[in-house]
Amino acid sequence: MSDESRAIMKVLGGETLTPPPIWLMRQAGRYLPEYRETRAKAGSFLDLCYSPDYAVEVTLQPIRRFGFDAAILFSDILVVPDALKRNVRFTEGHGPEMDPIDEAGIRALKGKDVLAHLAPVFETLRRLRVDLPGKTTLLGFCGAPWTVATYMIAGHGTPDQAPARLFAYRHPEAFEHLLMLLAEISADYLVAQIDAGADAVQIFDSWAGVLGGPEFEAFAVKPVARIITAVKERRPAARIIAFAKGAGLMLKDYRQKTGADAIGLDWTVPLPLAVELQKDGPVQGNLDPMRVVAGGRALLEGADDILQHLGHGPLIFNLGHGITPQADPQHVAALVERVRGGRATDGKKD
Ligand code: CP3
């Protein structure tokens with residue numbers, strides 16, 4: 001089956017499908033018992049990311065269980081700083097940690113061995129394209145420079161990304177250098193993922209929402225535009241989804257200035273605004289992941305609301321951020337069934 005006949009690829013090309021295709025951010029993860037089992041066998045989280053046997057297995061688990069329309073490569077956005085030798089580690093109960101970087105460290109960064117370090121990721125993609133059902137879109141991804149930089153500067157996750165915001169004000173040149181280096185590496189990384197079999201790629205800017213106006217432009221829009229331009233120059237058919245969490249009213253401009261084919265919407269984007277954004281092109285989102293934890297009415301009403309507002313245009317049904325470990329897999333099954341029930345029109349024919 002060719003790329004173009006996969007449902008998500010059709011939506012990324014601007015088509016409206018009823019029912020819309022569905023996948024969930026972080027669909028492979030700790031809410032699945034089979035993931036926890038493979039994770040325990042693999043040892044560390046990075047071993048899981050860098051072992052194609054395990055990474056292929058956990059990527060396929062949610063496809064086998066729920067039949068999602070896309071499989072997303074199992075990896076992490078922080079493999080890029082790991083490849084930049086920032087000593088990334090994931091310790092139980094701590095979240096990700098790495099050596100915090102300073103101005104001198106930024107000047108010393110070298111991007112040249114990054115793709116060699118990430119070779120297991122490309123092997124994982126090549127195997128996935130063979131193992132996946134033909135109709136399933138294979139998604140690659142990377143973190144946006146701003147979000148990756150927030151971890152590199154603090155050395156760990158932070159509630160409001162204050163260390164990176166402060167560093168950017170104090171050392172604007174070094175910070176700009178870091179973002180542009182990450183943009184170049186990310187573009188090479190995404191091109192290599194596409195060449196290894198990814199049908200489309202997503203750029204995760206999870207912490208875009210803490211940026212003020214000029215900073216959003218400089219740290220979120222500009223580096224992502226740079227990545228998308230570079231990827232499309234080299235692979236003109238590439239399809240790219242950009243997810244800038246918390247970007248709200250900036251999203252219209254964000255799509256236009258970055259050149260993203262589709263924009264991801266977090267759950268705080270009001271559906272009437274989402275409808276406006278969909279007039280410019282495909283949207284992806286935006287169910288609150290807590291509705292999946294709650295299940296029942298909260299889950300079904302949330303899904304129906306999205307289908308009613310956005311089901312008449314190009315939509316990839318998704319959550320507004322990653323699924324959480326507390327989510328019950330049965331609730332996920334109920335969500336998929338509801339979306340596939342094709343209730344986009346209130347039951348009325350149009
Ligand atoms: O979506 C998928 O199923 C593919 C795999 C994927 C992971 N991380 C696996 C993972 C993807 C696409 C990511 C992206 C990612 N990683 C982002 C952007 C998306 C988002 O959720 O905002 C960010 C910010 C990270 C960084 C990261 N990785 C954090 C903050 C954490 C710890 C918090 C947490 O959820 O545990 C991770 C670890 C991580 N990445 C896990 C998984 C399944 C859990 C670790 C484990 O299994 O022990």
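A disulfide is a pair of cysteine sulfur atoms within 2.5 Å. Keep that in mind for the cysteines further down.

First, some ground rules. This is a predicted model, where local features need pLDDT of at least 70, side-chain atom pairs count only at pLDDT 80 or more, and totals for chains, interfaces and linings use all residues. Residues are numbered from 1 along each chain as its sequence is written, and side-chain values use heavy atoms, with hydrogens and water left out.

Now the ligand. It has 21 residues around it, with R26, R30, Y35, S206 and H321 the closest; a residue counts here if one of its heavy atoms lies within 4 Å. Sorted by class, that shell comes to 13 nonpolar, four polar and four charged residues. Here, Ala, Val, Leu, Ile, Met, Phe, Trp, Tyr, Cys and Pro go down as nonpolar, Asp, Glu, Lys and Arg as charged, and the others, Gly among them, as polar.

| Residue | Part of residue | Distance |
|---|---|---|
| H321 | side chain | 2.6 Å |
| R39 | side chain | 2.8 Å |
| A28 | backbone | 3.0 Å |

Taken alone, the ligand exposes 870 Å², and the protein buries 89% of that (Shrake-Rupley method, 1.4 Å probe).

Back to the cysteines: the structure holds zero disulfides.

Conventions:
A polar contact is a pair of N or O atoms within 3.5 Å; within protein, one must be able to donate a hydrogen and the other to accept it, and residues adjacent in sequence count only if both atoms are side-chain atoms.
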